[in-house]
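Trainee: I am new to this structure. Could you take me through some terms used to describe it?

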Amino acid sequence: MTAGSAQPVTSLYVHVPFCAHKCEYCAFYSEAAAGELVNRYVAALMRETALVADDLKPHTLFFGGGTPSLLNLRQWEQILKTLERLNLAGAAEWTVECNPATVSLDKARLLRSAGVNRISMGVQSLNEDLLDRLGRVHSRGMVFQSFDVLRQAGFDNVNLDLMFAIPGQTLEMWRATLAEALALGSEHLSCYEVIYEQDTPLFARLQAGEFDVDEELACAMFDELLERASAAGFRQYEVANFARDARKENGVRECSSDETSVGHRINTPSLHHSIPAFACGHNINYWRGGSFYGLGPSATGYVRGVRTKNWSNTTLYCDQIEKGKRAIESREELAPLARAGETAAFGLRMNAGWPFNQFQQTTGFDLRDEWATEMKQLTEQGWGTIEPDRFRLTCEGLRFADAAAEQFLRS
Ligand SMILES: C[S@@+](CC[C@H](N)C(=O)[O-])C[C@H]1O[C@@H](n2cnc3c(N)ncnc32)[C@H](O)[C@@H]1O
Ligand code: SF4
């Protein structure tokens, strides 16, 4: 370990590269789970974790995929025991992604008792036909069942992932899914417009002219989302992310000092700029340009300015780790200005925008010097607003956040 006297990294992402079945739209690295390979992966992951453990003190821990909930009880026990032994358990925010088809009460209880305190569940839609067409392995009924199971196991911080602008989805269908998802009373909601990723069956169908992309409908769906989520007590804090300030049933969730340390609050008197209590601290760290380790096949990491990417091949990953090496395919150290540009672009996806001081502390650059022209242009266009302490995108700007943020990139 080459940490030297540097502060340990406080954020860890673990990629679980298995799914029961590949969804039509998905380009995340994952494959159908094959018995022995899963065991081999778990053993390799534990070795890889040990290689970086000395440089880690996780405030946020995120198991994503793929489908982490696909791992069986024995595999999870092995992972949880190793994290405990390496002093990596007990993060202030510990998320595990679940697919509704693979949630069981035993597994949920095991995770909860080991310190997992946040679940992110992939729902996508509550329309049975659309679920089918997307290639999802679960029914709408399983979403409701799994949500109950998670609550029963004691999870009081649950995110639901939804998708909109799905081919064949009408505004009415989206309204119905939103209404039912909001009625579940989760603490967090992530809603993604469908992205047509190359090399996916959905992309091939688009290329074959089976359907058209309807931008106007997508905008209407996004408007509907903003309105309904807000009426249901959610606050948008990033383009696709909404969270509550308090649990639905009772009481306000006070922010503890731990939550402040994982980035749940920005110190500002204005509600508009504050981060809701149930926001995802792990993702906020990404958007704010913080360091994180990424373990498992295809995982990316970003530690002290160096970006790494692991091999997107589980067998190759295991081979490397079994030889005692990290499984890194590529390593890149960006020039300081390029890195600051990326950090600017990521952070502008948040409703709070970038406070000038925080940006300077993070990157060493002042937005008002290097990006004065871009900020002025975006402001004139109605996409941005320059406030005394920060620059942020307006509602309109957030809708086109990718295009707006791109202007901040520097080669
Ligand atoms: C790794 S998956 C979540 C957990 C689990 N694998 C599942 O799907 O149930 C992360 C989320 O990304 C979103 N997503 C994946 N591919 C997408 C695409 N092409 N366009 C938009 N959203 C996508 C989905 O909402 C999905 O739930
Ligand atoms: S969306 Fe989730 S379940 Fe579907 S293939 Fe991607 S990672 Fe797997």
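Mentor: Three bridges join strand 16 to strand 17 (residues 390–393), and these strands run antiparallel. In strand 17, F391 is the bridge partner of I386. This is a predicted model, in which local features need pLDDT of at least 70 and side-chain atom pairs count only at pLDDT 80 or more. Residues are numbered from 1 along each chain as its sequence is written.

Trainee: What makes strand 16 and strand 17 a pair?

Mentor: Two strands pair if DSSP finds at least two bridges between them. Strand 16 and strand 17 have three bridges, so they pair. Strands are DSSP runs (E, at least two residues) and helices likewise (H or I, at least four), numbered from the N terminus.

Trainee: Why are strand 15 and strand 16 called edge strands?

Mentor: The open sheet has the order 15-17-16. Strand 15 (354–355) and strand 16 (384–386) each pair on one side only.

Trainee: Why are helix 6 and helix 8 called roughly parallel?

Mentor: The axes of helix 6 (residues 171–184) and helix 8 (residues 215–231) cross at roughly 25°. Angles under 35 degrees count as roughly parallel, and helix 6 and helix 8 are therefore roughly parallel to each other. The axes are lines fitted to C-alpha atoms, for helices over the stretch in contact, with angles from 0 to 180 degrees between N-to-C directions.

Key
Chains are lettered from A and ligands numbered from 1 in the order in which they are written. Side-chain values use heavy atoms; hydrogens and water are left out. Angles under 35 degrees count as roughly parallel, over 145 as roughly antiparallel, 65 to 115 as roughly perpendicular and the rest as oblique.
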